[in-house]
Amino acid sequence: MGLENVGGLAMAVVLSKLEPRDAASVSCLNRRFHFWAADERLWSHFCFQELRLSSPIDHQGNPSPSFKAAYRAWREGFSMYPWPLVVRVKTCWDNLKECLSVNFPEILPTLRRGASEDDIREFQQSLEVKLPLPARILYRFFDGQDMPKQKFNGSSPPVGLLGIMGGYSFYDHEVNVYLLPLSHVIAVTKYFKSHLTFMEISSYIAVAATSTYRDKLFFLNCETGRMFVGSGNFCELLPCVPEASVGSADSQQKDEDGMLLWVEEHASRLQNGSIRVRQKGSIRSLSLFPERPPLCSISTTNGVTVRASAVFVPEISNLQDEEEYMFSYSIRMSLAPSGCVVDGVNCSSCQLYWRHWTIRGDDGNVVYNVNGEAVIGQYPLLRSGEEEFVYESCTYLDTSEGSIEGHFTFVPGNLMEPMGSPFEVEVSRFPLKVPDYIF
C-alpha cells in the first residue's frame, strides 16, 4: 500500500515528523500531497515548535494570512543567518520578554523594535567593525532600550530604573544597566575610543551601560565575540562569560556568542527566580542580588528571617595598582506573621539594636570583625507579617572570594518599651565571589 492510500490523520502525523522544508517539498509530488502539506495545522505545529508562534505573525510583527506564510516570511527574513542560531536567539528573547511581561511590565515600553539589515550595515560602516552573527541577530530582534533623557545624579530620586540587565545600590552608589540601541553604541563607543587606550586599536564596542551617574560599561569584542565589563577607571577589562562557555552552545559559532550567552544567562536567572524585581520606595527595578541558595543565605531565629547575598562591584574595584575587590551586600529581614516568642512572651514586633559581622577572605581567615549599633544608621522595627526591611552596604577584599556571617541583636517590642530580654538573630554565612557571569 502506497502513502497515497494512508488516511489524512495518519499523514498529518507523518508530515509533522519531517523538517519544514521537507514537508514543503512533499507538496510537489501530487495534488493529494499538496493538500496534506498545506494544512494549517501542520504549519501551526512547525511555527510553534521552532518559533513559539501561537498566531501567524511574520518576523516584523505583522499578521500573516496563514501559518505557512508566516513561516516562509521568517525563513526569508533571516535567510542570511544559520537557522538554528536564529531559533536560539528567538528562544532567548522570548524567554526574557515573557518573564518581564509577567514581573516587570513597565519596562516593555522601553524596548525598541529590532534593527533592519540596513541599520546594521550602516552601524558597521560607522564604527568599522563587523558584528558577530549572534549579536547581529540579537539586534534584529531588539535594538536595545530607549534611555532615560536625564541621568540619575544621586541627589534626587529617579523616575524609574528600567534597565533590562538590572543593577544594585548601596549608600549613594546606584547602578542600573540598559542594553544600548545601535545609535547609542556608536556615540558611546566613539567617545570612549578617544579616551581609553584599549579601544583605540581594537574592535571593542560599548553595548550596555548604566543609566545612573556611576559609569559601568560592558564591551563586546567584535573580533572574538567575547563580552567584558570595565573595572574601576577602566584600568582592566573583566570577562563576563567563562572562556570555556563561549562557543560551547553551538560548535559552529565558536568564539562569537559571548553577548548571546550573557543575555541567555540573565534570562535564565530571571526565569528560575535567582534574581527578581525589587521595590525601593516607589521605584521598581531588577535587582541583581541573588535570591536563592547557595548564593543567598536564609536563616530564621525566633521568628525573624534574614536573607543575605552579595554582588561583585567591578566599577569600583581596583585590580591594577593593588588587588581590591569591592562587594555590595543586601540584607533582607522580616518577622513571621506569628511574631516572636521571647522569655515565654509572644510579641508582634521587635527592633534591631546591634550588629556583628565576621568577614573572611578566601583562606578562611578573618579580615574584618565589625560591631556597632544600628544598620546604616537605622534601627529597623519589624512587625509581624509586614514586608521585609531591606538595606545594602559594602566591603572590600584583597581576594576574589570570601564570605560574611554574623548576627543581629533584637529587642522584643521596641527599644523604648522592651517586652523581654534582647535576643540574637543569626545571619548565615553567604559568599563574596567574583562570578563567572558579571552583570
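Aspartate 118 and arginine 121 meet through their side chains in a salt bridge, with 2.2 Å from N to O. The term salt bridge is used for a side-chain nitrogen of Lys or Arg within 4 Å of a carboxyl oxygen of Asp or Glu. The structure is a predicted model, in which local features need pLDDT of at least 70 and side-chain atom pairs count only at pLDDT 80 or more, while totals for chains, interfaces and linings use all residues. Residues are numbered from 1 along each chain as its sequence is written, and side-chain values use heavy atoms, with hydrogens and water left out.

**Helix 7**

Aspartate 118 and arginine 121 are 3 residues apart in helix 7, so about one helical turn separates them. Helices (H or I, at least four residues) and strands (E, at least two) are DSSP runs, numbered from the N terminus. Aspartate 118 is partly exposed, with a relative accessible area of 44%, and arginine 121 is also partly exposed, at 39%. Here buried means under 20% relative accessible area, exposed means over 50%, and partly exposed lies in between (1.4 Å probe, protein chains only).

Which residues of helix 7 are buried? They are Glu117, Ile120, Phe123, Gln124 and Leu127. Seen down the axis of helix 7, these buried residues fall within an arc of 120°, so they line one face of the helix. The arc is that of the directions from the helix axis to the C-beta atoms. The buried residues pack against helix 8, helix 9 (182-193) and strand 3 (204-210), where contact means heavy atoms within 4.5 Å. On the face turned away from the buried side, helix 7 carries the exposed residues Glu122 and Gln125. Just after helix 7, glutamate 128 takes a positive phi of about 55°.

**Other salt bridges**

Side chains of opposite charge can pair when their charged atoms come close. By the salt-bridge rule, the count comes to 20 salt bridges. One of them joins arginine 88 and aspartate 257, whose closest N and O atoms are 3.4 Å apart. This pair links distant parts of the chain: arginine 88 is in helix 6 (residues 83-103), and aspartate 257 is in the loop between strand 6 (237-239) and helix 11 (258-271), 169 residues apart. Arginine 88 and aspartate 257 are both buried.

Another salt bridge is formed by arginine 112 and aspartate 146, at 2.9 Å from N to O. Arginine 112 lies in the loop between helix 6 and helix 7 (117-127), and aspartate 146 in the loop between helix 8 (133-141) and strand 1 (166-170), so the pair ties together parts that are 34 residues apart in sequence. Arginine 112 is partly exposed, with a relative accessible area of 30%, and aspartate 146 is partly exposed as well, at 38%.

**Aromatic rings**

Rings of Phe, Tyr and Trp (its six-membered ring) pair if their centres lie within 6.5 Å; planes under 30 degrees apart count as stacked, over 60 as edge-to-face and the rest as tilted. By this rule the structure has 20 aromatic pairs. Two of these are set out below.

| Pair | Distance between centres | Angle between planes | Type |
|---|---|---|---|
| Tyrosine 353 and tryptophan 354 | 5.9 Å | 40° | tilted |
| Tryptophan 357 and phenylalanine 408 | 5.4 Å | 75° | edge-to-face |

Tryptophan 357 and phenylalanine 408 are buried. Both belong to one aromatic cluster formed by Tyr329, Trp357, Phe408, Phe410, Phe423 and Phe430. Tyrosine 353, by contrast, is partly exposed at 33% relative accessibility, and tryptophan 354 is partly exposed at 29%.

**Backbone angles**

Most residues other than glycine have a negative phi, and most peptide bonds are trans. Tyrosine 171 has a positive phi near 55°. Tyrosine 171 lies in the loop between strand 1 and strand 2 (173-179) and is exposed, with a relative accessible area of 55%. Isoleucine 376 has a positive phi of about 40° and is found in the loop between strand 15 (366-373) and strand 16 (381-383). Proline 293 and proline 294 are joined by a cis peptide bond, with omega about 5°.
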